[in-house]
Amino acid sequence: MTKQTMRCRASDNDYMHKDFHGALSAGIEYLDRHYGAEAVREYLRGFAVSFYAPLITDITKRGLVALKEHFEAIYAREGGRIRTVLTEDELIVEVEACPAVMHMRNHGYAVAELFSETERTVNAALCQGTPFEAELIEYDPLTGRSIQRFYRRAS
Amino acid sequence: MIPCTDFVPAYSALFSYLEDKGGREAVEGFWNYLSDNFLTHLAELVKEHGIRGCWLYWSRTLNEEAADFTMELDEDVGEFRLIMHVCPSKARLLEQKHIAPYPGYCRHCDALYRRVLEPLGYQYAIDMSKCDEAACELVVRGPVAGIR
């Protein structure tokens, strides 16, 4: 058959194009090579503060439970396993393996040297203007396994 | 982690950031880099399957992106047509009222794919006159089956 037609509607499929992780990684690598590491952080910070503004507002209102729910939702959606420990003043997120990193590793995409900034810088940005701070305690660049900590800022 | 479902706004923000840093040239420089380093699969498919490579490439990506589209392949005349009724990327950007999308967001598709297909001998045309409605139409014409 040399003539074919395909008609698809948005409702026919789930929105889950994991190759996008590779494109983001390529963007981070490009920024790093051409403008330096601080540009990578500045870009990610600017994006996160702007795009996640509703989440940041929610964190300010409801505390760390808002972040816990955010992480549980995004990792579950991409098949990532995490463990969270939440108290009033602290949230620990243990990521078994980052779905983004694993997808790139499994499909031969280059993982940018500064890809961990999608955790470190973005998490710090999520805390901007809230009573909390973020810390990336552990990070394995091979798998994206990480321990992320959020805690109430000392007053 | 920035989930892949938040990639499009992150991508748009990257274009804006690059333009602030180095003007339109900086954005286009990145698109060229991305095309050369990230779209190798499209090039491989077209080299191996001819015009059908376009069909194979977009069959996977557009379904994963939950796009609303019609694709037509006519290998007798060597034509591939993609009618994007609702582009999932642009539609998502238009939905986000609290961010300002990069004004030339849709131009990246033209830049990325043209750079892959034209050097392989294919004609590439895209009508972006309905980008504000998240719609576009792309046509690739190339050698008929067996002649490439």
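Helices (H or I, at least four residues) and strands (E, at least two) are taken here as DSSP runs, numbered from the N terminus. The model is predicted, so local features need pLDDT of at least 70 and side-chain atom pairs count only at pLDDT 80 or more, while totals for chains, interfaces and linings use all residues. Residues are numbered from 1 along each chain as its sequence is written, and chains are lettered from A in the order in which they are written.

Just after α5(A), A:Gly108 takes a positive phi of about 75°. Within the helix itself (residues 99-107), the buried residues are A:Pro99, A:Ala100, A:Val101, A:Met102, A:His103 and A:Met104; buried denotes 20 or more other C-beta atoms within 10 Å of a residue's own, with C-beta atoms placed from the backbone. These buried residues pack against α1 (19-35) and α4 (64-77) of chain A.

Turning to the interface, 39 residues of chain A are in contact with 42 residues of chain B, contact being C-beta atoms, placed from the backbone, within 7 Å. The largest share of the side of chain A that touches chain B, nine residues, is supplied by α1(A). The two chains also share strand pairing (at least two DSSP bridges between strands): β1(A) runs antiparallel to β1 of chain B (residues 68-74) over six bridges. In this pairing, A:Lys3 stands opposite B:Asp74.

Chain B itself contains five helices and four strands, and 41% of its 148 residues count as buried.

Technical notes: Buried ≥ 20, exposed ≤ 12 C-beta atoms within 10 Å, placed from the backbone. Contact = placed C-beta atoms within 7 Å.
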